[in-house]
Amino acid sequence: MARGWPAVLREGDVVLRPLRRADSRTWLTLRVRNAAWLERWEATSPEPAPGPPPTFGQFVRTLNQQARSGSSLPFAVEYRGELVGQLTVATVVRGSLCSSSIGYWVSEHVAGRGITPTAVALAVDHCFGPVGLHRVEINIRPENAASLRVVEKLGLRDEGVRERFLHIQGAWCDHRTFAVTAEEVPGGLVERLRRAGLLAR
Ligand SMILES: CC(C)(COP(=O)(O)OP(=O)(O)OC[C@H]1O[C@@H](n2cnc3c(N)ncnc32)[C@H](O)[C@@H]1OP(=O)(O)O)[C@@H](O)C(=O)NCCC(=O)NCCS
């Protein structure tokens, strides 16, 4: 079994847990309702699709396979007992790098309550603890003010711009990279957010 997976992480009203097949109806409803909210920021692939889009069951199965192999930690985000988004610790690389990148989204109806900063803090603390990683990064388009605010609240280090870094909505887009290594947060990121009064409300 991969280190640190499966896991359930909690801070106040925010819970990170594995996505389940039983989430199908809620997840699909959320995605339809938030199509315009999410579309602008979501990664695409320049390669032709290998086949029809996966069913939700196939999607969950693929996520679980990736998690078991240790290449990602695909969390569902719950707020006050309701599924409201996803946070994925992706591209886990071990060896001399021991690094990963985090991606996230929440439904527009719960935006602005500090859910994502809290979820990222939980995930990063877990990565530096049971998962055994040393570095976590988050890549954000310069136009994404809400996401830039998330890393600002967390106090992540600005590593600069990666040009044409990721394929988004049909084009290669520049991203700003923000990172943190374990030495920078000896007391953990949840504790840093708590002290700043920025945990989810
Ligand atoms: C980016 C995102 C994950 C932030 O999540 P969140 O849980 O709302 O994070 P926060 O509560 O800390 O809010 C961050 C900022 O979003 C902005 N914001 C708040 N409510 C908003 C709303 N309804 N609409 C747009 N922006 C909003 C505010 O500037 C807020 O900063 P503030 O708390 O200082 O006012 C969320 O906006 C989202 O899912 N966006 C679409 C997908 C996306 O961009 N993913 C990230 C790709 S890198």
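Start by selecting the ligand and the 20 residues around it; the ones that come nearest are G114, T116, N144, R149 and K153. Keep in mind as you click around that this is a predicted model.

Next, colour that shell by residue class.

Now zoom in on the backbone of G112, R113 and G114, and look for ligand oxygens. At G112, a backbone N or O atom sits 2.8 Å from an oxygen atom of the ligand. Step along to R113, where a backbone N or O atom is 3.1 Å from a ligand oxygen. Then go to G114: here a polar backbone atom lies 2.7 Å from an oxygen atom of the ligand. G114 is also one of the residues that come nearest to the ligand.

On its own the ligand has 910 Å² of accessible area, and the protein covers 74% of that. As for where the ligand sits, that's the largest pocket.

Which elements give two or more residues to the shell around the ligand? Select α2 (35–39), β5 (99–106), α4 (115–128) and α5 (145–154), and you have them.

Time to zoom out and show the whole chain as a cartoon. You're looking at six helices and eight strands. Trace the elements from the N terminus and the order is β-β-α-α-α-β-β-β-α-β-α-β-β-α. The chain has a radius of gyration of 16 Å, close to the 17 Å the globule rule gives for 201 residues, so it is as compact as a globular protein of that length.

Two backbone details to finish.

Select W5 and P6 and check the peptide bond joining them: it's cis, with omega about 0 degrees. P6 is in the segment before β1 (9–11).

Last stop, R80. What is its phi, positive or negative? Positive, at about 50 degrees, although R80 isn't a glycine. To find R80 in the cartoon, go to the loop between β3 (73–79) and β4 (82–93).

Notes
Residues are numbered from 1 along each chain as its sequence is written. This is a predicted model: local features need pLDDT of at least 70, side-chain atom pairs count only at pLDDT 80 or more; totals for chains, interfaces and linings use all residues. Side-chain values use heavy atoms; hydrogens and water are left out. A residue is near a molecule or strand if one of its heavy atoms lies within 4 Å of it. A polar contact is a pair of N or O atoms within 3.5 Å; within protein, one must be able to donate a hydrogen and the other to accept it, and residues adjacent in sequence count only if both atoms are side-chain atoms. Accessible areas come from the Shrake-Rupley method with a 1.4 Å probe; for residues, only the protein chains shown count as cover. On a 1 Å grid over the protein atoms alone, a cavity is a set of points where a 1.4 Å probe fits but cannot get out, and a pocket is an open set with protein on both sides within 12 Å along at least five of seven lines; lining residues have an atom within 4 Å of a point. A molecule sits in a cavity or pocket if more than half of its atoms lie within 2 Å of its grid points. Helices (H or I, at least four residues) and strands (E, at least two) are DSSP runs, numbered from the N terminus. The radius of gyration is taken over C-alpha atoms; the globule rule is 2.2 Å times the number of residues to the power 0.38.
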